[in-house]
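Work through the exercises below with the sequence and coordinates open. Each task is followed by a stepwise solution.

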Amino acid sequence: MKRAFPLALVLLILAKQVEFNMRLAAFIRAEIESILRDWEEFSKTLYHAKNMSKKELRDHAREMLLEIADDLDSQQDESQQAAKSKGCAPKGGEDTWAEVHGEDRQTSGFTVIETVSEFRALRASVVSHWSKAHPTLAGQRLEDLTRFHEAIDQAVAESLEQYATAKEMETRLFGAILLASPDPIYVLDLEGRFIYANKATADLFAMEPEAIIGKSTFDLGFSFASDFQRNLDKVIADQSTFRGKFVHTFASGLGERFEYLLAPVLDEQQDTEATVCISRDITEQALADEKIWHNAHHDLLTGLPNRRLFLDRLEQEIKHAKRRSQPLALLFMDLDGFKDINDTLGHEAGDRMLVDVAERLINCVRANDTVARLGGDEFTVILTGAEQRKHVECVAQTIIDALALPFKIGQQSVQISISIGVSFYLEDASTPNALLEAADQAMYKAKKAGSNQMCFYDMPDKAAITSA
């Protein structure tokens with residue numbers, strides 16, 4: 001009589017037999033989640049994958065595994081298998097998932113080694129799981145494993161070929177950008193030597209690229225070399241960017257004023273391996289900005305500082321006087337009878353006289369003193385370091401004498417006089433506006449006293465008058 005086995009035991013035996021006889025293709029499909037978990041854990045060890053999400057880490061792995069499983073199920077002769085083992089199998093019309101993966105990894109910044117290592121990890125995971133399920137590899141199972149290795153080799157070849165194609169295109173595009181860029185772009189090593197220079201750089205330096213490579217800004221004799229190298233060292237040490245400017249006339253004669261950006265180039269270990277510099281000619285912009293600033297702060301007729309710049313300089317000079325405990329004098333001047341000249345000779349003649357007055361005033365003071373036109377026929381002078389009143393009197397008298405000389409306006413000889421008011425910091429006032437107001441009051445008292453007079457501001461209600 002035959003012995004009957006429990007139904008559960010029979011089903012278990014059948015299940016084990018099915019598992020034992022499972023082909024590798026079916027095994028990959030069944031164990032795909034375990035394999036993908038291994039892939040994900042390994043990918044996290046790669047530098048460019050550290051910040052990727054789970055979806056990004058797995059991206060094309062599932063599709064590649066299923067594609068390989070389908071390949072294992074397909075009929076192949078020995079020549080086809082040999083070609084795949086060398087990564088030389090013929091391609092279909094559409095991109096394989098391995099090709100898609102290779103291009104994606106190149107775009108994501110992966111290195112070739114990182115990309116290949118992912119396939120190694122995929123291979124190791126499948127072999128590990130397959131070997132555990134089938135400790136003894138022989139016959140069909142060994143053949144399946146061999147075909148799996150051939151399929152992986154083909155996938156690696158396809159992925160790397162697509163990676164290289166994408167990389168070459170990126171290189172060509174980058175090269176085209178550098179070539180077409182009107183801005184000088186160059187790369188320097190850690191010693192400050194040029195290791196790359198684009199065409200715009202060579203044109204600016206008036207040198208062949210080969211003559212630039214290996215040289216430093218010191219070697220090339222650039223006037224900004226010291227400041228540039230100091231900023232370069234800081235960028236390398238701090239791994240930070242730096243924006244700066246320099247003024248230099250290159251042999252090409254192109255430009256004169258430049259701004260530049262230094263940025264570190266980091267390797268996979270996050271160490272600085274080089275520095276890239278992008279510079280730009282800002283000569284026209286700088287000159288335009290300076291012209292705008294000059295027009296906003298200077299009298300358009302005489303070229304002297306206007307009221308805005310005068311008050312700014314007066315404020316700065318007061319700060320210096322306070323810090324150094326030095327005296328400061330302010331002269332406020334008004335031309336006598338200037339309205340009559342405008343009325344009789346015309347405004348053009350009056351403008352010509354104002355220009356000549358400005359020139360004579362400049363010649364009466366030192367280079368570090370400030371002469372300004374506040375408007376109309378009102379002028380001011382800031383005298384620094386005026387130790388005694390007699391020194392100020394001497395300057396004021398020099399101005400009175402200079403303006404008393406005839407002015408040649410067209411064919412006519414014209415004479416004018418001037419009234420001068422003087423105030424002192426800190427004796428009369430301590431702020432720019434108060435100092436100006438005090439000198440203005442002194443000037444009006446001088447004008448009331450007659451032509452060619454100067455007056456010191458002494459008290460709110462009186463002033464000392466000196467005649468020419």
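**Exercise 1: an aspartate**

Asp-351 is located in helix H16; helices are DSSP runs of H or I with at least four residues, strands are runs of E with at least two, and both are numbered from the N terminus. The model is predicted: local features need pLDDT of at least 70, side-chain atom pairs count only at pLDDT 80 or more, and totals for chains, interfaces and linings use all residues. Residues are numbered from 1 along each chain as its sequence is written, and side-chain values use heavy atoms, with hydrogens and water left out.

Task: classify the accessibility of Asp-351.

Solution. Step 1: buried means under 20% relative accessible area, exposed over 50%, and partly exposed in between (1.4 Å probe, protein chains only). Step 2: Asp-351 has 35% relative accessibility, so this residue is partly exposed.

**Exercise 2: the sides of a helix**

Task: determine where the buried residues of H13 lie around its axis.

Solution. Step 1: the buried residues of H13 are Thr-283, Ala-286 and His-297. Step 2: they lie on the same side of H13 because their arc around the axis is only 75°, taken from the directions from the helix axis to the C-beta atoms. Step 3: Glu-284, Lys-291 and Ile-292 are exposed on the other side of H13.

**Exercise 3: a core residue**

Task: find which residues have the most contacts inside the largest nonpolar core.

Solution. Step 1: such a core is a set of buried Ala, Val, Leu, Ile, Met, Phe, Trp, Tyr and Cys residues joined through side-chain atoms within 4.5 Å. Step 2: the largest has 37 residues, and Leu-331, Ile-399 and Ile-420 have the most contacts inside it.
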